[in-house]
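Here is a short note to read beside the model. Keep the viewer open and check each point as you go.

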Amino acid sequence: MRVSDLIAWAFAAAGAVVALRTTTSTAGVESLVRRRLPRHADSFRFKIAKDFDDDVEDQTETATERVNDSYAVSSTRDGKILVQGNTVGALLAGLHAYLSSEAHVDIWWFIGSQLDEAPRHLPVLADPLVGSSVVPYRYYLNTVTTSYSFAFWGWEEWEEHLDWMALRGINTALAWIGFEKIYIEVFRDMGFSDSDLEEFISGPAFLAWNHFGNIQGSWGGSMPESWVEDQFALQLKIVARMVELGIKPILPAFPGYTPRSITRVFPSANVSNGSNWEAFPTRYTNDTFLDPFDPLFEELQVRFVSKQISYYGNVTDFWTLDQFNENNPASGDLSYLESVSKNTWKSLKAADPGAIWIMQGWLFSSNSAFWTNDRVEAFLGGVPVDSDMLILDLFSESQPQWQRTNSFYGKDWIWCQLHDYGGNYGLYGQIMNVTANAIEALHSSKGLVGFGLTPEGLEGNEIIYDLLLDQAWSKTPIDTKKYFRNWVTARYGASGVRLPKGVYEAWEILRPTVFNNTNLVANAVPKSIFELVPSTTNLLNRTGHHPTLLNYDPAVVVKAWNLLHQAGVDAPRLYSNPAYQYDLVDWTRQVMGNAFIPLYEQLVATYTAAGQQHSREASLKSQGKKLTRLLRALDAVLATNENFRLSTWIKAARATANASSDPNHHAATADFLEYQARNQVTLWGPTGQISDYASRSWSGLVATYYLPRWQRFVDYLVATPPGEYDQAAFAAELLGWELSWVNQTTAGAELREPAVVDLRIVLAMVVKVWRPIFSV
């Protein structure tokens, strides 16, 4: 087949579905190349091609497929790399395919961009690289990711992440940042006071749940308006860059939640109270919901949408709107549910005639007892035009809802991988579900129009997220063995490094085990038990989506760790690669976290066994010392990498305080932001309402929070006879200490930079002391 035929074949699929053309200019792609590959700024040529040969081979076969973007990458006679595609997103996907598979460079979470390490002389292609997506949408983000991972990002982080998104082929994503400015301006215009808004808007680390109507107000201080303004300035850049990169922004619509004072401002407003969420005090929950059949709802909707259009331009017809996320409707009556959605849809259409309602389908999974099939059908049926609604099946890899709802009763939907809750850290994956199940759904449901990533927080299993995004370009389930090898080459192979075979062997050991969980009683990233409030019971083998159950033999991780570690010994140059250092720290964290389990089991067995009190106390002290020493050693390993430090999180939070404000006000704002940062990853609420939900394996957090909790637990066991053990009393006393820790505003002063930050040196010391846990 001629090169021209290959290129035409790649584009033939574009006819079935209208592509997402947020821009038809290649300027954004060219800017990305100048930004990330400056010495190769003139090495690439980009062309958006729209017209193709009618007699192209395979035209009949592909014309009926549900596909969207297509690209073709080839070498030209004058030594350039020509990337052609039918959209900007296709060009970026083609560019990424070339850079990762041929030049072995990429851009990563946490690590950053290694694209500038592409070889001086770019590889010449003997044959074109061609690709066509099998779904029109590659979607990105969970509403709560904006709080768990992005709460304290600045433009530098966002700019890099937007480049990652674009190169990974993502072509539509949530754009929530700075939305509080819209809330404030609309409600002020409608007659609400500043105190009304202060009681309604939550703090910077918890905005996502305010958007959902789960919580209202802020504990520990009020939202600084200077912070809102800074975030909105950031949003203006984010939206503009998304459009430039061919990513359609999904902007927030008005869901119906208002300040409680709405009945004072509008006495005839028809409102109801939302559910109490996670046993929060009523002051902070039971949000007020304006019924969509009240005419005021449509007026507010028009104001919310039109104000955003005035700021951003007419950049999207996608509007995210979630009304009942972990929040029950006022009634389960079918006609009521249909009326709510119908009037919500009408309000969107009044605001934007082309509006498409984007809704997370999490409610159908999290509260399936309420959302019976007839209620789901009634609610979705309130939107009379199926194409006006797009459902995100948020947890498709573990709790898919599309099957039980008959593909959401005709609405378009996206198969999403959630994978991680709360930004927790733990090696984990479901590679078979993400590949085979996604393609099975594509063949079974004509309403499936996209694959998407919906993690609650970003963490270290990046390969699992990449896998689904790449599955969006393959008609058949990806061969994960080959995929892992190619991915590892791109991750560690920058600058032409020849990789030891042990690197590949290490990842291959984890691929069919740790990264292929099929026992879905535990169905998300597992949490290390040392991150939980200590107890003699109910820590081990937790299931669900916050599991502690390990669906693999811990010895598997130890074996893989030894191979990855030895690769650095054999090829010391690997240590100059931040991706290798990140992964080695992450795998070490998992080995040590797993090793904590038998130490804990031994401690509890000693405490509960019949025996002499004196001998029991001595054993508990000895075993407790070993347990806390392990945590101290883990903290030292984590401290070698800034991505595993609590101080990085706290510094980022404080840095978002507006430095141009009054010095005293700036200091108070920075202290409040630090409180927010500390509270989210520990107590998650004014008094620990969902304590440890967003726990992280970070240095500083291990040494100053988890370790002292465990030391207090050991001291309690030593002092308390088994017959007098009272978990509630211990937890209540512990809460007092936890509150004092959260209320520190030290700018992380107690989180001193480690004396030794060289990973090789720290690992040598740790392995010498803890050799048994690192032995196969």
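1. Ground rules. This is a predicted model, in which local features need pLDDT of at least 70, side-chain atom pairs count only at pLDDT 80 or more, and totals for chains, interfaces and linings use all residues. Residues are numbered from 1 along each chain as its sequence is written, and side-chain values use heavy atoms, with hydrogens and water left out.

2. The barrel. Start with the closed barrel of 8 strands, ordered β7-β8-β9-β13-β14-β15-β16-β17, with parallel pairing. Its neighbouring strands are turned by 30° against each other on average, direction ignored. Strands here are DSSP runs of E with at least two residues, helices are runs of H or I with at least four, and both are numbered from the N terminus. Two strands pair if DSSP finds at least two bridges between them. Strands of a sheet pair through backbone hydrogen bonds, either parallel or antiparallel.

3. β7 (residues 137-140) and β8 (residues 172-174) are joined in the parallel sense by 2 bridges. Tyr 140 has Ala 173 of β8 as its bridge partner. Helix α10 (residues 225-244) lies across β8 and β9 (248-252), and runs at about 145° to β9. Such angles run from 0 to 180 degrees between N-to-C directions, with axes fitted to C-alpha atoms, for helices over the stretch in contact; contact means heavy atoms within 4.5 Å.

4. Strand β2. Now look at β2 (residues 70-75), where 5 of the 6 residues are buried. Buried means under 20% relative accessible area, exposed means over 50%, and partly exposed is in between (1.4 Å probe, protein chains only). β2 pairs with β6 (residues 129-132) in the antiparallel sense over 4 bridges, and Val 73 stands opposite Leu 129 in β6. β2 also runs antiparallel to β3 (residues 81-85), joined by 5 bridges; here Tyr 71 stands opposite Gly 85. β2 and β3 form a hairpin with 5 residues between them, and Gly 79 in the turn has a positive phi of about 85°.

5. What does Arg 138 form a salt bridge with? Asp 69 is the partner, and the closest N and O atoms are 2.7 Å apart. Arg 138 lies in β7 and Asp 69 in the loop between α3 (59-63) and β2, so the pair ties together parts that are 69 residues apart in sequence. Both residues, Arg 138 and Asp 69, are buried. A salt bridge is a side-chain nitrogen of Lys or Arg within 4 Å of a carboxyl oxygen of Asp or Glu. The count by this rule is 31.

6. Other salt bridges. Asp 671 meets Arg 654 at 2.9 Å, N to O. Asp 671 is in α25 (residues 663-680) and Arg 654 in α24 (residues 646-655), so this pair links parts 17 residues apart in sequence. Asp 671 is partly exposed at 25% relative accessible area, whereas Arg 654 is buried at 19%. Arg 35, Arg 36, Glu 159, Asp 163, Arg 241 and Glu 244 are linked in a salt-bridge network.

7. A surface patch. Val 756, Ile 761 and Met 765 make a nonpolar surface patch of about 240 Å². Patch residues have over 30% relative accessible area and no salt bridge; like charges are joined within 9 Å, and nonpolar side chains (Val, Leu, Ile, Met, Phe, Trp, Tyr) within 5 Å. Areas come from the Shrake-Rupley method with a 1.4 Å probe, and for residues only the protein chains shown count as cover. Val 756 sits in the loop between α27 (727-742) and α28 (759-769). Val 756 is partly exposed, at 33%.
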